[in-house]
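Here are a few exercises to work through with the viewer open. Try each task yourself before reading its solution.

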Amino acid sequence: MNMVSEIASAPAARGASDPAVRMEDVNKWYGSFHALKNVNLTVGRGERIVICGPSGSGKSTMIRCINQLETIHSGRIVVDGHDLTPGGKNVDLIRQETGMVFQQFNLFPHMTVLENCTLAPMKVRGVTKAEAEETAMKFLRRVRIPEQAAKYPAQLSGGQQQRVAIARALCMNPKIMLFDEPTSALDPEMVKEVLDTMVDLANEGMTMLCVTHEMGFARSVADRVVFMDRGEILEVATPDTFFSAPQHERTRFFLGQIS
Amino acid sequence: MIRIFGWNEFLVIVMAAQWTIALSAIAFAGGSVGGLLIALMRVSEVRAFRLFATGFIRVFQGTPLLMQLFLVFFGMNIFGFAINPWIAATIALALHASAFLGEIWRGCIEAVPKGQGEAATALGLRYYHSMRHVILPQAIRIAVAPTVGFLVQLIKGTSLASIIGFTELTRQGQIINNATFSPFLVFGTVAAIYFLLCWPLSLVARRMETRFSRATAR
Ligand SMILES: Nc1ncnc2c1ncn2[C@@H]1O[C@H](COP(=O)(O)OP(=O)(O)OP(=O)(O)O)[C@@H](O)[C@H]1O
Ligand SMILES: [Mg+2]
C-alpha cells in the first residue's frame, strides 16, 4: 500500500492566505457556562492541527462548532470559504465537506460496514449504489479492512470499528477531517493501527484538526499544536516549541501531568 | 320468551369477533400513523411541536378511554355529523392509540444513542434521511415488544365501543344475553374469545422482548 507516494509532496499553500478554517472571536455558552471564549484560529489548507488541553476545556466544543454540531453565539466561522455565521445557509455544504470521527466510533450498528460507508454518498450526493460501493471498497482497502465489508460493527474490534469510521467519513470526499479523541476509547494495543491510518491520511495532504492526547502523534504529524484551557486557546505553537518551550504556566502543568 | 344458548348463539358471538378485530386493526393503523407523528413532534427541535405533542399525550393519558369515546361520539353530533358509532369508535380509538404509541415511540427514539444522530448529521444526512435510515430502524427494534403490548390493551379497549352502540364482541354478547339470560355462558364465551385474540400477541411480545434483551446484551 503506497498511500504516501500517491500524493508525495506536502500541499503547497499552507498558511493564512487561503485558509481551510477561520474562526474569529468565537463565543459559545451552554446556558450560563461560557464554553468558548473569544476563540481565534486559522487553519491553512493541508495543515495538521492537534488540539489538547484538560478535560472540559472546550476542545470537543470547538471542533464540533466547525461542522455545526454545535452552534456559536457570537463570532464568525468560515470553512473552505463558506461563512458559517448562525442562521447561514451553508451548513449542509460544510457538513459534506468535513468528515468527523468520534471517540465512540458511532458506527450505525444495524448496517454492515459497507452500508455504513455507502449510506451518505447515496442519500446526500445521490451517487449510484455501485459507485458508492466501489468508493467504499477503495477506502476500506486504504484503512486495510476490505475483508470486513460484509460484517456488522459489533463483530469488529474497537480499532477496526474506528478505521471503518474513518473510511466512512472519507467516502464523502471531505476536504477537512475532524477527529475528537479517536483513540481514547480504544484498548492500548489498538491505538497504533488507528494512529497509523491517521498518519497515512496526513501524508496524503488532508487538512486535519485532531483532538488527542497522543503526544507522539502530535510530535510527528502536527504542524501546530493548540492548547486549550477553560474555553480559551492559551497557546498555539509548532510541536517543537510546544513541547520544549511551552510559554504558559498552565501548559507546563498540563504537559507535566500527561507525560 | 327465553331462548336457549345454543350452537347458533355461540356462532353469532364468534362472528362478532370480526368487528372487534376490524375496529382494533383500523384503530391501530390510524394510531400508528398518528403515533409516529406525535413521537416525531415530541422529539422535535421546534418548541411548538413539542408542546402540542406533550399536551396531546397528557390529555389522552389522563382521561378514561370511555370519556374519549363519548366526547367523539357526541362531539360529532354537535359539529353536525350524523351519529355513527363505527366512525366515532374508530376516530376515538385511533386518537387514543396515537397518544399512547406516540409516548412509547418517543421513548424508543430517545433510547437511540445521541452519537448516532450526530454521526448522521456530520456525514451530511439531513433530518429525513437521518430519521429514516439511522434513528428509526434502531428505535423500531426497541419498540416492537411494547407496541405489541399496547395492541393487546387496545383490543381489550375496543369493548368500550359497545357502550356507544357499536356492535362488536362485547355488545353482541350483551344482546345474546338479553335473549338467553345465560350470562355465565355468554360472557364466558366472550371472554374466551378476547383471550384467544390477546394471548398469542402477549406471547409474541414476550418472545421479542427476550430476543431484544439478548441482542443488546451482546
Ligand atoms: N451539551 C452541553 N450542555 C452543557 N454543558 C456542556 C455541554 N457540552 C459540554 N458542556 C460543558 O462544556 C465544557 C467543555 O466541554 P467539552 O466537551 O468541549 O470539553 P473537552 O475539552 O472536549 O473535554 P474532554 O477532554 O473531557 O472531552 C465542559 O465543562 C462541559 O461540561
Ligand atoms: Mg471532548
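## Exercises on a cavity, a helix and a ligand

**Exercise 1.** Find which helix gives the most to the lining of the largest cavity.

*Solution.* H6(A) gives the most, with 3 residues. Keep in mind as you go that this is a predicted model. Next, place the helix: H6 of chain A covers 158-170, and both this helix and H5 (114-122) of chain B supply at least two residues of the lining. Now list the residues that line the cavity. From chain A they are Met100(A), Phe102(A), Ala165(A), Arg168(A) and Ala169(A), and from chain B they are Ala119(B), Ala122(B) and Leu123(B).

**Exercise 2.** Describe the largest cavity by its volume and by the classes of residue in its lining.

*Solution.* Start with the count: the structure holds 1 cavity of 30 Å³ or more. The space in the largest cavity is about 40 Å³. Then sort the lining by class, which gives 7 nonpolar residues, no polar ones and 1 charged.

**Exercise 3.** Work out which residues surround ligand 1, and which helix gives the most to this shell.

*Solution.* Begin with Tyr30(A) and Phe33(A), then follow the chain through Pro54(A), Ser55(A), Gly56(A), Ser57(A), Gly58(A), Lys59(A), Ser60(A) and Thr61(A), and finish with Glu181(A). Helix H2 of chain A, residues 59-66, gives the most to the shell, with 3 residues. By class, the shell has 3 nonpolar, 6 polar and 2 charged residues.

**Exercise 4.** Identify the N or O atoms of the protein that lie at 2.6 Å, 3.2 Å and 3.4 Å from atoms of ligand 1.

*Solution.* Take the side chains to begin with. An N or O atom in the side chain of Ser55(A) is 2.6 Å from an oxygen atom of the ligand. In the side chain of Tyr30(A), an N or O atom is 3.4 Å from a nitrogen atom of the ligand. Now turn to the backbone, where an N or O atom of Ser57(A) lies 3.2 Å from a ligand oxygen. As for cover, ligand 1 taken alone exposes 630 Å², and the protein buries 59% of that.

**Exercise 5.** Explain why H2(A) can be called largely enclosed by the rest of the structure.

*Solution.* Apply the cut-off for buried, under 20% relative accessible area. The residues of H2(A) that pass are Lys59(A), Thr61(A), Met62(A), Ile63(A), Arg64(A), Cys65(A) and Ile66(A). That makes 7 of the 8 residues of H2(A) buried, so the helix is largely enclosed by the rest of the structure. To finish, look at what follows H2(A): Gln68(A) has a positive phi, near 65°.

Conventions:
Residues numbered from 1 in each chain as written. Chains lettered and ligands numbered in written order. Predicted model: local features only at pLDDT ≥ 70, side-chain atom pairs only at ≥ 80, totals over all residues. Heavy atoms only, no water. Near = heavy atom within 4 Å. Polar contact = N/O pair within 3.5 Å; in protein donor to acceptor, adjacent residues only side chain to side chain. Areas by Shrake-Rupley, 256 points an atom, 1.4 Å probe, with all protein chains shown as cover. Helix = DSSP H or I, 4+ residues; strand = E, 2+ residues; numbered from the N terminus. Nonpolar A, V, L, I, M, F, W, Y, C, P; charged D, E, K, R; others polar. 1 Å grid on protein atoms, 1.4 Å probe; cavity = no way out; pocket = protein on both sides within 12 Å on 5 of 7 lines; lining within 4 Å. Points joined across faces, edges and corners; volume = space filled by probe spheres on them. Buried < 20%, exposed > 50% of the residue type's maximum accessible area, 1.4 Å probe, protein only.
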